Amino acid sequence: MFDKKAMLVELTIRQWTARKHDKTVSQEVDKGHGASNAGRYNKILIDKESLEPISKAGNVLRTYHYSVTLPWGNNGQRLLPSSLFMDYRQEITALRREFDRQVEIFLNKYPALVNEARTRLNTLYDPDDYPSLSSLRRAFGVDMEIFPVPTAGDFRVDVANEEKQELQKQVEEATNQRQAAATKECFVRIRDTLQRMKNQCVPGKTRITDSLVESVREITTVMDALNVAEDPELTRITQLMRDELLVAETLRRSPTTRKVVGDRASEILESMNWS
C-alpha cells in the first residue's frame, strides 16, 4: 500500500558553521593547566548574528519538511504521501528561495565581516580560516531527492532462488517495521497535540493562544494524508478532534467551554488504542 500511496523524500540543508578548531590555542590551554587532550578551542570566525537569518530560513524549511512527512529508516529519508507532493514541492521551492536569498545577503556582506573578524579575533585571526567567496557559496544549499518506497518484489539480484527468497523476506520485514513506525508517529503527533490542549484548557487558565487551536486544525488537516495505512483508529481520533475541539472563538471567551474541551481532549486521549 505504502509504495502506491507515498514516496520517500530526502531533504539536505547545508550551512557553513563559521567555526574553526584552533589546535595551537587548544594545546596552549592544555599546557597551562598541565592537561592532555582536555578539550577543543573553536574559534567563531564570523559574528553569529550575521548567520542567524540563514539558520532561521533553514529551520523553517526543516520544520515544514518534518510536519508533512513521516520517519522511514535511519538514513534521512522520510515518507511523503503522494497526495501532498504538489503542495510539498511548491512550499519547499518557496522556502528554498528564501533560504537562497538570505545566503546572498550574507555573501554580499562577507568581505566586510571578514575585516570585522580581523579586529575581533586579534591574534587569533588567521586569513587561511576563511574560504573564498566561491567556495563559501558551495557550503550553503538545499537539496531534495525523491525515491520510490521499496518493496520485496522490487528486489532483483542474481543469486540462488533460496537466498533470493531470504533477502526478499528481510526487505519485507524491514518495510513492515518502517510502515508501523510511520503510523506510530501519527499517533504520537495526535497524542502530543491532545495533551497540549488538555493542559491549556484547565481551570484557571485565562488565555488560550491562537496557536493552540491552529495546531489542532493543522494536524487534523495533514493527518488525512499522513494516514497512508488508512488506520481506522487514526481516522476515528482525527474526526473526533475535528468535530469537537475546533471551537476557537468560544474557547477563548468561555471558561465553561475550555473545561468541556479540556475534558473531551482528555477523554479522547484515554480512548486511544495504539500500543
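Colleague: Let's start with asparagine 122: where in the chain is its place?
Modeller: A word on the ground rules first: this is a predicted model, in which local features need pLDDT of at least 70, side-chain atom pairs count only at pLDDT 80 or more, and totals for chains, interfaces and linings use all residues. Helices are DSSP runs of H or I with at least four residues, strands are runs of E with at least two, and both are numbered from the N terminus. On that basis, asparagine 122 is in the loop between H4 and helix H5 (133-138).

Colleague: Is asparagine 122 buried, partly exposed or exposed?
Modeller: Its backbone has a positive phi of about 55 degrees, although asparagine 122 is not a glycine. For accessibility, buried means under 20% relative accessible area, exposed over 50% and partly exposed in between, with a 1.4 Å probe and protein chains only. Because its relative accessibility is 56%, asparagine 122 counts as exposed.

Colleague: And glutamate 230, what is its phi near?
Modeller: Glutamate 230 lies in the loop between H7 and H8. With 49% relative accessibility, it counts as partly exposed. Its phi is positive in a residue other than glycine, near 55 degrees.

Colleague: Which residues does arginine 137 touch, leaving out those up to four places away in sequence?
Modeller: Arginine 137 belongs to helix H5 and is partly exposed, at 39% relative accessibility. Valine 103 is 34 residues away in sequence, yet the two C-alpha atoms are 7.9 Å apart. Taking contact as heavy atoms within 4.5 Å, arginine 137 touches Glu104 and Leu107.

Colleague: Is aspartate 30 buried or exposed?
Modeller: This residue sits in helix H2 (residues 23-32). Beyond four places in sequence, aspartate 30 touches Ala35, Ser36, Asn37, Ala38 and Gly39, and its C-alpha is 9.5 Å from that of arginine 40, 10 residues along the chain. Because its relative accessible area is 10%, aspartate 30 is buried.

Colleague: Which residues is threonine 151 in contact with, apart from neighbours within four places?
Modeller: Threonine 151 lies in the loop between strand E6 (141-148) and H6, and it is partly exposed at 23%. C-alpha to C-alpha, it is 7.1 Å from aspartate 3, which is 148 residues away along the chain. It is also 7.0 Å from valine 171, 20 residues away, a residue of helix H6 (residues 161-200) that is buried at 19%. The contacts of threonine 151 are Asp3 and Val171.

Colleague: What about the largest pocket: how much space lies in it?
Modeller: On a 1 Å grid over the protein atoms alone, a pocket is an open set of points where a 1.4 Å probe fits, with protein on both sides within 12 Å along at least five of seven lines, and lining residues have an atom within 4 Å of a point. Points are joined across faces, edges and corners, and the volume is the space filled by probe spheres set on them. For the largest pocket, that comes to about 340 Å³.

Colleague: Which element provides the largest share of its lining?
Modeller: Among the lining residues are Arg189, Asp192, Arg196 and Glu218. The lining divides into three nonpolar, four polar and four charged residues (Asp, Glu, Lys and Arg count as charged; Ala, Val, Leu, Ile, Met, Phe, Trp, Tyr, Cys and Pro as nonpolar; the others, Gly among them, as polar). H6 and H7 are the elements that give two or more residues. The largest share, five residues, comes from H7.

Colleague: Finally, what percentage of the residues in the protein is buried?
Modeller: The protein has 10 helices and six strands. Of the 275 residues in the protein, the buried share is 37%.

Note on methods
Residues numbered from 1 in each chain as written. Heavy atoms only, no water.
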